[in-house]
Amino acid sequence: IPVTLDEDARARSGTGITASTYGSIRLPLSQNTAIVADLDANMVNYKGKQADDYSTQLAIGPEWRLGARTNISRQSVGLYRWYGGNLAARQFGGKLNIQHDLSTTQRVAVQFDGRNTDSAFGEGYRGWQLGVAGTYEQVVAKSAIVSASLFARRDMMNFKSFSSKTFGFNLGIGGELPLGINAGVFGGASRAVYDEAQ
């Protein structure tokens, strides 16, 4: 039987635009308390909108200093992601971050993250996302820091074929160059295992 392939299904190449931005503000309320707000936004744009990917996330909440070396912050999180012009994910939840300075050149941090996911793509994409990450940072030069982190995430969607466990690690080094320019090199690897095949 002759089949005519729709133009949207044909393989093609092209050029797109990617952009990302991050901003953070810390407003002291007292000697040991502050309000911290973080904003992330990412964009992938191609001709048309079939593969366009936009996301924005806002996290805001209090931070407490416990002694000279330990900080704890608790933030409420909201995220919106659009893919192909449709609402791919709407997430609301919170995260807890604990940071401790081992010395003047070493720091460890642990972050716990939990959020509920809703999606216009269908009931199967709705559920919960839980994550944990641990990070170690070491100053290796006057203005360079090496970091290593391990992370794990559990996606518990309504359909098992969309539910997964993810484990991985990241390594990187970053620092300040002359003229106030910051630069870094980062890489990582992860593995995702789904609860059930589609």
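**Exercise 1. Find the salt bridge that Asp 118 and Arg 126 make, and say how exposed its two partners are.**

Step 1: look at the side chains of Asp 118 and Arg 126, which meet in a salt bridge at 2.7 Å, N to O. The term stands for a side-chain nitrogen of Lys or Arg within 4 Å of a carboxyl oxygen of Asp or Glu.

Step 2: The cut-offs here are under 20% relative accessible area for buried, over 50% for exposed, and partly exposed in between (1.4 Å probe, protein chains only).

Step 3: widen the view. Asp 118 and Arg 126 belong to a network of salt bridges that also links Arg 90 and Glu 123.

A quick note before going on: this is a predicted model, so local features need pLDDT of at least 70 and side-chain atom pairs count only at pLDDT 80 or more, while totals for chains, interfaces and linings use all residues. Residues are numbered from 1 along each chain as its sequence is written, and side-chain values use heavy atoms, with hydrogens and water left out.

**Exercise 2. Work out which salt bridges Arg 107 makes with Asp 101 and Glu 137, and what the Glu 137 one ties together.**

Step 1: take Asp 101. Its side chain meets that of Arg 107 in a salt bridge of 3.0 Å, N to O.

Step 2: now Glu 137. Here the N to O distance to Arg 107 is 3.7 Å, again a salt bridge. Arg 107 sits in strand S6 (residues 106-118) and Glu 137 in strand S7 (residues 127-141), so this pair ties together parts 30 residues apart in sequence. Strands (E, at least two residues) and helices (H or I, at least four) are DSSP runs, numbered from the N terminus.

Step 3: Arg 107 is partly exposed at 31%, and so are Asp 101 at 22% and Glu 137 at 26%.

**Exercise 3. How many aromatic pairs does a search of the whole structure find?**

Step 1: the count is 5. Rings of Phe, Tyr and Trp (its six-membered ring) pair if their centres lie within 6.5 Å; planes under 30 degrees apart are stacked, over 60 edge-to-face, and the rest tilted.

Step 2: Tyr 80 is partly exposed at 30%, and Trp 82 is partly exposed at 34%.

Step 3: move to Phe 159 and Phe 162. With ring centres 5.9 Å apart and planes at 25°, this pair is stacked as well. Phe 159 has 43% relative accessibility, which counts as partly exposed.

**Exercise 4. Sum up the protein chain: how many helices and strands does it have, and what share of its residues counts as buried?**

Step 1: the chain has 0 helices and 10 strands.

Step 2: of its 198 residues, 24% count as buried.

Step 3: for overall dimensions, the C-alpha trace spans about 75 × 40 × 30 Å along its principal axes.
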